Amino acid sequence: MSRGLDATRGTPPGILLVRRIRGRNWSFKTYRYVVLLITFIAYACYHASRKPSSIVKSVLYPETATVHAQRSWPLDEVFVREELGNGGNVTGRFKYGGWAPFNGPDGTSKLGEIDVAFLACYSMGMYVAGHLGDTLDLRLFLTTGMIGSGIFVGLFGMGYFWNVHVFGFYLAMQMVAGLFQATGWPSVVAVIGNWFGKRKRGLIMGVWNAHTSVGNISGSLLAASVLDYGWGWSFIVPGGLIFLGGVLVFLFLPAYPEDVGFPFPDDPSRAIETVPPSDVESQSRSSSVGSGTKRSVGLVQACLIPGVIPFALCLFFSKLVAYTFLYWLPFYLSQTEIGGEYVSVKSAGNLSTLFDVGGIVGGILAGYISDKLNARAITAASFMYAAIPSMLAYRSYGGMSRTVNIVLMMLAGLFVNGPYALITTAVSADLGTHSSLKGDSRALATVTAIIDGTGSAGAALGPLLTGFISTKGWDMVFLMLMAGALIAGLLLSRLVVDEISEKAAKRIPLSDAQQGRGDPATQPLLINKK
């Protein structure tokens with residue numbers, strides 16, 4: 001990172017105000033809590049702003065559905081009641097009104113094209129955003145991405161009020177929104193990596209990664225809650241939320257410890273302590289200058305870091321599975337008989353959020369286990385293999401009863417989202433601060449972008465393939481998902497073997513180590529070595 005760019009960084013204005021009011025600086029521990037909270041809110045806003053398109057599809061396209069139940073299921077007070085006339089006590093067929101250009105015979109195709117366009121731009125933009133994140137001020141970069149996302153998500157919704165019926169307008173709004181959304185993940189992971197060392201990184205990031213599921217859940221409920229006022233509000237409200245989140249980031253997020261007078265957490269040459277108010281600005285400036293010696297790495301150099309390519313390819317198939325559930329689970333629930341009855345479209349969307357509840361547990365559990373074992377690859381591969389029987393059980397027995405469906409759905413969410421969360425957080429942060437960089441480079445955002453950008457390509461492919469394969473039956477869709485999970489696990493085989501070899505080498509007696517067989521220098525370069 002150049003000195004000129006570093007010189008433009010400074011303490012966030014909101015923190016300066018708090019510091020003046022308190023008369024002293026916050027402790028390093030307090031700043032860590034602030035960083036965790038703000039980045040959690042920031043990325044929850046990102047995911048919440050992605051959910052409206054899946055919620056309003058049934059309004060944009062005049063889908064005809066069959067309803068056998070007399071009320072929303074399973075809980076009237078929690079899951080939105082379907083207003084079908086007669087207080088909802090209607091059994092038979094009904095039809096939604098549509099919105100041109102999505103209400104024609106090719107309506108589902110156009111809705112699918114919008115989803116793919118968003119994810120494709122998101123995936124491509126990720127590679128550029130990662131390099132820029134390691135070059136520019138992360139706080140300003142993240143702020144720009146959030147405000148830009150809010151504007152274009154809101155503009156999509158304004159098509160309702162402006163009575164826009166041109167497909168190109170909606171396609172363009174989604175594509176530009178996808179590019180702005182690409183700024184989010186590399187930035188927040190880089191910020192967390194700047195503030196937290198490798199100790200307990202898996203558990204910390206497992207808990208922190210719950211923002212993905214929290215954003216999905218809150219985005220679904222928020223978009224559904226205002227749908228009755230016009231589908232445009234389902235975009236404008238989440239768009240306004242992420243816009244305000246960008247303002248919060250600008251005011252209060254210290255992207256680098258040096259910006260508020262603290263050294264990098266893994267820097268052994270300097271002790272972490274509370275800085276007196278009189279010394280805050282001088283130490284912040286000296287820390288900033290010191291960080292100017294760190295340079296950003298290119299995409300090719302980042303790809304050569306051991307473990308980046310295998311984990312990136314693993315995430316391709318992991319997100320293919322996860323995003324197929326994200327985009328298609330509500331539709332699957334509305335078309336599948338569960339305990340002798342069908343759910344309404346809105347209730348299916350809200351019920352599907354329980355998959356994300358399982359994902360929250362899975363992310364935390366995967367992070368905790370990987371910390372305990374000090375084995376990221378073993379943990380991720382094990383979860384992917386366990387996802388195969390869990391998805392098979394959900395497809396085979398999910399229709400038996402409501403309770404069985406919910407339990408198996410949450411179990412599938414646990415194993416599907418667990419490795420997805422682990423790879424995009426702790427693994428990306430480990431690799432972005434890998435020992436092969438020798439401490440002289442900033443690669444957190446770049447590595448995160450490579451891994452998640454590759455994964456996002458799978459996220460675009462999964463839902464697209466499902467649209468075609470589902471015409472042959474849902475058994476074929478689940479077969480595709482189980483094959484994806486198997487391939488994801490197999491792609492980590494070499495790293496799994498390396499981690500097992502490393503653990504076996506640690507148990508070699510000292511005499512063997514003196515002979516070279518246990519010499520750490522002879523062991524493979526592993527991403528989890530501390």
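Which residues in α6 meet which residues in α8? Leu138, Phe141 and Leu142 in α6 meet Gly184, Ser187, Val188, Ala190, Val191 and Asn194 in α8. Contact here means heavy atoms within 4.5 Å.

This is a predicted model: local features need pLDDT of at least 70, side-chain atom pairs count only at pLDDT 80 or more, and totals for chains, interfaces and linings use all residues. Residues are numbered from 1 along each chain as its sequence is written, and side-chain values use heavy atoms, leaving out hydrogens and water.

**Overall fold**

The chain's secondary structure comes to 22 helices and four strands. Both are DSSP runs numbered from the N terminus: helices are H or I with at least four residues, strands are E with at least two. Buried residues make up 56% of the 530 residues. Buried means under 20% relative accessible area, exposed means over 50%, and partly exposed lies in between (1.4 Å probe, protein chains only). Of the contacts in the chain with a separation of 6 or more, 83% are between residues 24 or more positions apart.

**Helix packing**

Two packed helices are described by the angle between their axes and the distance between the axes. Axes are lines fitted to C-alpha atoms, for helices over the stretch in contact, and angles run from 0 to 180 degrees between N-to-C directions.

| Helix pair | Angle | Axis distance |
|---|---|---|
| α6 (residues 138-161) and α8 (residues 184-195) | about 150° | 9 Å |
| α14 (residues 308-335) and α20 (residues 474-490) | about 155° | 8 Å |

The angle makes α14 roughly antiparallel to α20. α6 is likewise roughly antiparallel to α8. The cut-offs are under 35 degrees for roughly parallel, over 145 for roughly antiparallel and 65 to 115 for roughly perpendicular, with the rest oblique. α6 and α8 cross in a left-handed way. α14 also passes α20 in a left-handed crossing. A crossing is left-handed if the near helix is turned anticlockwise from the far one by less than a right angle, and right-handed if clockwise. On the α14 side, the contact with α20 includes Cys314, Phe317, Trp328 and Tyr332. On the α20 side, Trp474, Phe478, Gly484 and Ala488 are among the residues involved.

**Aromatic rings**

How many aromatic pairs does a search of the whole structure find? It finds 33. Rings of Phe, Tyr and Trp (its six-membered ring) pair if their centres lie within 6.5 Å; planes under 30 degrees apart count as stacked, over 60 as edge-to-face and the rest as tilted.

Tyr31 and Phe262 are an edge-to-face pair, 5.8 Å centre to centre with 65° between the planes. Tyr31 lies in helix α3 (residues 28-48) and Phe262 in the loop between α11 (233-252) and α12 (277-291), so the pair ties together parts 231 residues apart in sequence. Both residues are buried.

Phe118 and Tyr122 are stacked, at 6.4 Å centre to centre and 10° between the planes. They are four residues apart in helix α5 (residues 107-135), and therefore separated by about one helical turn. Phe118 and Tyr122 are both buried.

Ring pairs also link a cluster, with Trp99, Phe102, Phe167, Trp231 and Phe235 among its members. Lys110 lies over the face of Phe167, 5.6 Å from the ring centre. The charged end of Arg139 sits over the ring of Phe250, 5.1 Å from its centre. A charge sits over a ring if NZ of Lys or CZ of Arg is within 6 Å of the ring centre and within 35 degrees of the ring normal.

**Tyr368**

Tyr368 is in helix α16 (residues 353-373). Its relative accessibility is 40%, so Tyr368 counts as partly exposed. The C-alpha atoms of Tyr368 and Val207 are separated by 9.2 Å, though these residues are 161 apart along the chain.
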